[in-house]
Every structure is written in C-alpha cells, then in structure tokens.
Amino acid sequence: MRDVAGTTQVTLKRGSADPEFFRLLGELPRESVVEVEGTPKLSEKSHRGVELFPTAIRVVTRAEVPLPLGVVDKVGADLDTRFNHRVLDLRKPAVRAIFELRAAVLEGFRRAFVERGFLEVETPKLLRQGAEGGATLFRVDYFDRPAYLAQSPQLYKQMLIGAGFERVFEIAPAFRAEPSDTVRHLTEFTSLDAEMGYIDGAEDLRTTLESVVLETVRFARERLGARGNPLADGLPVATAPFPRIPFATCEAWLGRPGAEQDLGAEDEKIIGARVAKDLGTPFYYITDFPTAVKLQTFYAGRRDDDPTLTGYFDLEYQGLEIASGGPREHREARLRENLAAGGFDAANFEGYLEAFRYGMPPHGGWGFGVDRFVASLAGLANIREARLFPRDRYRLDP
Ligand code: AMO
C-alpha cells in the first residue's frame, strides 16, 4: 500500500488470514484505492518499519486495466506519454520530490523577500499592451476589443514604485507565445519579479538578488533534508558575491569581441563551462549589457557614465539564464524617447507613463524564472518536468 508518506507492507499469512483477502487482493488491479484495517507489527522488512496484518479490506475505487503508465515500473516512459497521463506520473515518489523542492523554493523566496522588507503584490494578467515585445504576445478577445496576456508584471511593478511601495515582489504566471520548442521555454511559466526604489545603481540589485537566492537554497536544503528528499543533496553550496562578468568579457571568450550580438543558448553554455572551470561556481552574473543589445527593452536605463551601456545583467546558473534585470529609466522624457525608438505607440502606455510624472525615484528590479531554476536544481534536462501540467506550443492538455 502506498500513500503520500511511503509504502506500508500488508501481509497475508496462509492459515491465519481470511481466504477471501487472498482472492480480493490477488485480482485487484495495481493503483486501486483500498482501505485496510488490521494489526500493525514492527518490521524491518517494510519501508515504513511496520507491517499490517489485515482484519478488514475495503476496495474504495478499482483502477482500470491496463494502466496507461506504470507507476512502480522501472522502465521509463517518454516525456509525452508521461505528460499525457500526468496524474499517474505524479504518483511516482521521484516526480513528487520535484514539487516538494518547488514548494520549498517558493516558500524560501517568500521568507527571504519579506525579511528584506519587500511587500508581496499581485498585478493584472489581462492587459491592453505588452512590455516585452510583440512577437510573444498572446491575444485574447476582451469583450469587443483585443487584450493580451501578461508576459511579465514589468509595467505594474514599476508603477508600484511610483506608488511609494519601495520594495515589491510578485510570484505569478507569465505568458509568452514562444514559437520555438526548446527545453528552456514554456508558454506559461512562473515569474518571480522584484522591484526596488531608491537604488544606487545595479549593484544594489545584484547584492539583494544573490543574498535572496542563497538564502532560498539554504532554506530548501534544510526543508528537504529534514524530509529525506533525495534532491536535498544536489542543491548547490555557493557563497556571495557571485562573480560579475562583463558582457564584453563574454564576447572575448566567445571569440567575437565588440560584436554586440545577444547571447544564444550555446554561447551561454560555453560561458558557463568556462566559469565552472576557472572560478568553480555555478552562479554568476553577466553584467553591463550594451544598449545595442538591450534597446528593445524600452524601460531599461542607460548608464550616465557611458550611454552605450546599460546597467542590465543576467543571473546565470551553470550556463542557463535564470534571471535578468537592471536599473530602469525613471525619467519620463527619456522613456518616451525609448518607446519611440522601439517602435511603440506611447498612447498605449499612458497609464504607465503617468506614474513617472508626479515623482518617481530611481529604481530597478529583475524577473526570475522559477521553472528554469527548479529544473536546474533538480538536474532535469527539460523545463517541462518542473511544472505539474506544462504548457508549450503543442500542449494544452491535460
Ligand atoms: P525576461 O524576459 O528576461 O525579463 O524574463 C525573466 C526570466 O524569466 C524566465 N523566462 C522564461 N521561463 C520559461 N519560459 C519562458 N518562455 C520564459 N521567458 C522568460 C527566464 C528569464 O531570465 N521584465 C523583465 C524582467 C525585469 O527586467 O525585471 C523580463 O521579463 O528565467
């Protein structure tokens, strides 16, 4: 018998057990739900340390045969089959362990943010316009006009800085019509966003983010360790500060100095391998993204000392981008220039722009991909495995 705590052995002894029990359990399909009453005995043979000698057995629901997916079988099924029958797949203790890790990571983040004076907020997911570029917007019918699913809470978290909240964070779904089918992209993912007011440059953001991440990993390790979750042992032991590697250095490593070309997945892997070899750390920042690479991000601030650079950075874990952010443009006139340069119609952003007109402190923040992080921590090759019911270009069911 298996339940959420593990398996318990039910023992029928020939001669003493009711013969009816042999017949009942002999033909009962695997994965059926049963209720067993009996006498427990301490036993070293049994997973939970007890064996149960039944006095009554009731079949609550019978499982159909054959099972579309084995739960206890050693042979693995392919990912599609697993997701098609996800409820059975989730019964596997090793799969459940991923979601215990995920819950611990979310709880760890919440604690770390609250301790640092961040207020948890929730912003609208049905929007009149997007913030992260038109190509990945999902359009929905909103009564008699179009609306879009939020790609990120970007504009709203900044508006809340204008509202005087100073430090906010949000953990919520984000939607992106990702046309590509990769192991790092979903169409629905969980974004952990933070925004901080009155910052003095990007370092304020990076020191906060790295301390939050380390505290979260520590919390998850303790929580999982206490429950005997095997994923606890794979969690990284790292220390702050994470290395800061300027974008220009990455370009030199990649053999294309000054190319000002955004980093692709393969580039990131090369950089990750180099950092692991030279610096021996899984976490690092890529800093100082050039304006030419980040210009499509209209809300990004340029550096005052060098307008060809932004203070933007990515947080990487073993060659995979897990977060990106930086100081924002907080002056309305410059924001309008950026919008125009990006080909956006400022008329669609009036509610956002108003927040900059009546006193807006310097601010910045980041967006952090929860699914990518959990997948990486659990050593999963595919981000889909870090979600209960993943959504991608081809999958809307179950
Ligand atoms: P960005 O677009 O880089 O930044 O997203 C932030 C982080 O979210 C995760 N992510 C995804 N995860 C799964 N599937 C996807 N399709 C997907 N897209 C993004 C990544 C990424 O690092 N508004 C800015 C953040 C900011 O500046 O505050 C933003 O959305 O881990």
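A nonpolar core is a set of buried Ala, Val, Leu, Ile, Met, Phe, Trp, Tyr and Cys residues joined through side-chain atoms within 4.5 Å. Buried means under 20% relative accessible area, exposed over 50%, and partly exposed in between (1.4 Å probe, protein chains only).

The model is predicted: local features need pLDDT of at least 70, side-chain atom pairs count only at pLDDT 80 or more, and totals for chains, interfaces and linings use all residues. Residues are numbered from 1 along each chain as its sequence is written, and side-chain values use heavy atoms, with hydrogens and water left out.

**View 1. Two domains of the chain.** The assignment gives domain 1 (2-66) and domain 2 (93-386); such bounds come from an automatic or database domain assignment. Their C-alpha centres lie 49 Å apart.

**View 2. The largest nonpolar core.** This core has 48 residues. L101, V213, F368 and F373 have the most contacts inside it. Helix α4 (residues 93-115) gives the most to this core, with 11 residues. Helices (H or I, at least four residues) and strands (E, at least two) are DSSP runs, numbered from the N terminus. Apart from this core lies another, of 27 residues, including C250, Y284, A300 and Y352.

**View 3. Surroundings of V213.** Contact means heavy atoms within 4.5 Å. Residues up to four places away in sequence are not counted. V213 then touches F109, F242, F283, L315, F368 and F373.

**View 4. An open sheet of eight strands.** The order is β6-β10-β11-β16-β15-β14-β13-β12, with mixed pairing. Two strands pair if DSSP finds at least two bridges between them. β6 (119-120) and β12 (244-246) stand at the edges with a single partner strand each, so one side of each has no neighbour in the sheet. β12 and β13 pair in the parallel sense over three bridges. Here I245 stands opposite I286 in β13.

**View 5. Helices on the sheet.** α4 packs against the sheet and touches β6, β10 (167-175), β11 (188-197) and β16 (363-369). Its direction makes about 150 degrees with that of β10. α8 lies across β12, β13, β14 (313-317) and β15 (320-327), at about 125 degrees to β13. Axes are lines fitted to C-alpha atoms, for helices over the stretch in contact; angles run from 0 to 180 degrees between N-to-C directions.

**View 6. T281 in its loop.** T281 is found between α8 (265-279) and β13 (283-287). T281 counts as buried because its relative accessibility is 16%. Its side chain reaches the backbone oxygen of F283 at 2.9 Å. Leaving aside neighbours within four places in sequence, T281 is in contact with P243, V275 and A276.

Conventions: A polar contact is a pair of N or O atoms within 3.5 Å; within protein, one must be able to donate a hydrogen and the other to accept it, and residues adjacent in sequence count only if both atoms are side-chain atoms.
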